[in-house]
Structure formats: structure tokens, C-alpha cells
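This briefing covers strand pairing and a chain-to-chain contact. Please read it alongside the structure shown here.

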2 protein chains.
Amino acid sequence: MYPKSLDRLIESFLRLPGVGKKTAERYAYYIVNNFSKDDIEKLMENLSGVKDKIKRCRVCGFLTEDDLCEYCSDSERDQTTILVVEEPKDVESIERCRKYHGLYHVLNGSISPLNGIGPEELNLQTLFKRIKESKIKEVIIATSATVGGEATALYINKILENEEVTVSRIAYGMPVGSSLEYNDETTIMKALEGRKNMR
Amino acid sequence: MYPKSLDRLIESFLRLPGVGKKTAERYAYYIVNNFSKDDIEKLMENLSGVKDKIKRCRVCGFLTEDDLCEYCSDSERDQTTILVVEEPKDVESIERCRKYHGLYHVLNGSISPLNGIGPEELNLQTLFKRIKESKIKEVIIATSATVGGEATALYINKILENEEVTVSRIAYGMPVGSSLEYNDETTIMKALEGRKNMR
């Protein structure tokens, strides 16, 4: 049997996503073996920092330490476009390709009736309010290429059908660098449907 | 860009073994999204518990909150046998099979010249001292079935060659439930070498 304090730390790590008994034990051991007291204090401080400081941007739902997130408070960004994603980390993925300079909106999930997540559970009301009340010209829906992501995209498109705004969906298709052989039928079908004229 | 406090938590998680950028982000997000303030405080408490309370048993090197671990302080256990393992978690693996009732000795690793780990880096001196000074009759070496584990076993056996003590090594062979087809040649060779007369 492990000492109680180690057991309790293992219990805490078990709460993290995708962490089972073995991994939780491994993390706890590693901390006991390889973290100095300072390292552990730092981790505790950082946890405390997240607990006290992180909140949602009241406009777009992205994470921030202030009232507005860095994108909403950046007047240099294109104020006429909103890109809609499921999770805060999706914002980082889009930013990484350095191609998009508009605003964001984070839904915090996608429609998933099986998990009891309907449109009411998502950060949608503020999205519709933003579109109605400001000078938005295009809404780019970048939810996942999954059933839930697609349902969410269709739902948003439906609600916005009477608004004077362009609603677009990012493209489905073969990932760059992949060959036909390694793509599934649905992806190939979507890639075919989404084909573009080359001249 | 993430808020700074989130970035710092991600940095902390990156220090855990086998955790890369994606996983660290996932953990940090999960904590922001799904942990209540109480949950975070609990995790911090548990980290603090480990930092303040966990130490090595001064006899065997297993983890404990006291001076002696629960095995060394248990007089019901067979005081004439020591089972030698690499890591504290190996003790748990042995305990789980409920077959062994002697004492333990935790080396904290195995000989690995490539990583700069020689016999001096292992918890070996106290092992030899224990064997010399107490009534140990058998030393069972249960280091890993790896090059380092084997080297460590040979080293211990060599050092103990003039002591009046039986030194044994746990068996190499096919894992129970496996078939020849799925075992590699070295395992099969070792299983052949270690064959036992059936009558």
C-alpha cells in the first residue's frame, strides 16, 4: 500500500481526462522522485493562478484574465468577421496558421443530444446578439468535422437565415499530405463534393 | 495566445513524464473547464501533502510518511527474505499477487551506463548492509527483464558471492495467457532455458 498522501495525489490525477490508474501513479511517482519542493510549489502556484484569474471573455467566450480577451480588445482586427469554434484551443489552431485576422466566438462544445447538450447549453445567445448588434458581415463556422460539429453548423445557419450576413463553413476534404488510399470514404465523398474548378 | 496563467499551468504539466504540448493543454483546459475551485484546492492540498510528507524508508527505500515503511515495520512479515525491485511501484505489483510475505528493497533504478547510472547511484549500500547485519537467508532479485535490470541482478549476485545467502532471480518466460506466436525470440529462448521438469 502506498502512503496515504501519495494515494490522495493519485486520486487527484485520476480526475484528468484520459488518465487511468497507471498514468496517475506514474505522474505522482514522478513528482515524488523528480520534482523539487520548489517545482511542486510552482505547480501549486500555477494551479492557484488558473483558479483565481482565468475567466471567459464576456463577448466571445474565449479564456482571458481580463474582462475582454485579447482578440475582442484588439481594434486592429477585422471587426466584420466572426469565426465560430467549439473550444478555446481551436482559436489557437486557427491563429497558428496566421491567415485569419477577424474576431472569434467560442461555443464551448457542440450539439450532442446523447450527452444532453442542446443549443441552450452552448454559448450561442451572445453570438446571435453580436451579429444583430454590430457590423458583422461574415460568420465563418469552423466547428469540428463530426456529427455534432455539423449539427451545430446547420443550427447556426438556420437561425441566421434572415440576418443580413454571409454564413460560411470551412472546407471538408483530404488533409494536406495525405493520399486517397489513407482517407475514409466519407472524407473522399466530401472532398469530391467540395471540388473546385481549377481554371 | 492563451492568458498567461493558463500558459504557466501548461508549462507545469509539460514537466510530467510522457506529457507533450497537446496533452498539457488538454489537462490545463480540463481543469479550467471542469474543476471547481474546491477541486483545484484539493489537488493543491494533495501536492502539498506529497511535498511535505513523503520520504524514503530509511531501511528499504520504499515510500513512506514515517521513518519506516509499512513493510519494514510489520513484524508479521518473514524477516529472512528480501525481494529487490527497481521502483516503489514494483512493490505494489508484487503485493498485488498476494504470494510474497517477506521484506523489500527498492533500488530506485537499474544500472544504465548510457544514462550515467552506475551501482553508486542505486540504493545498494543499504542492501548489502542489511544482508550483512541481519538474519537474511534469501535475496530474490526482481529487477526488470531488461538489459539494465539484468546487469543489476548480475552485479548484486557478484557482490554477494561470499555472503551466506541464497540469491535468486525471478523467472523469465512466456507471459501467462500468451501463445508462442506472439512472443519474441529472446523471450522464447529464455522460456526454453528456464524449462521445468514436469514430473
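B:V84 has B:I141 as its bridge partner in β5(B). The model is predicted: local features need pLDDT of at least 70, side-chain atom pairs count only at pLDDT 80 or more, and totals for chains, interfaces and linings use all residues. Residues are numbered from 1 along each chain as its sequence is written, and chains are lettered from A and ligands numbered from 1 in the order in which they are written.

**Strand β3 of chain B**
- Strand β3(B) spans residues 81-85 and pairs in the parallel sense with β5(B), residues 138-141, over 4 bridges (strands are DSSP runs of E, at least two residues, and helices runs of H or I, at least four, numbered from the N terminus; two strands pair if DSSP finds at least two bridges between them).
- Strand β4(B), residues 103-106, also runs parallel to β3(B), joined by 4 bridges, and B:I82 stands opposite B:L103 there.
- From β3(B) the chain passes through helix α4(B), residues 88-96, to β4(B) in a right-handed β-α-β crossover (with the strands pointing away from the viewer, the path from the first strand over the helix to the second runs clockwise).
- In β3(B), 4 of the 5 residues are buried (20 or more other C-beta atoms within 10 Å of the residue's own, with C-beta atoms placed from the backbone).

**Contact between chains A and B**
- Chain A and chain B each give 39 residues to the contact (C-beta atoms, placed from the backbone, within 7 Å).
- On the side of chain A, elements giving two or more residues include α1 (4-14), α2 (21-34) and α3 (37-53).

Technical notes. A residue is buried if 20 or more other C-beta atoms lie within 10 Å of its own, exposed if 12 or fewer, and partly exposed in between; C-beta atoms are placed from the backbone. Two residues are in contact if their C-beta atoms, placed from the backbone, lie within 7 Å.
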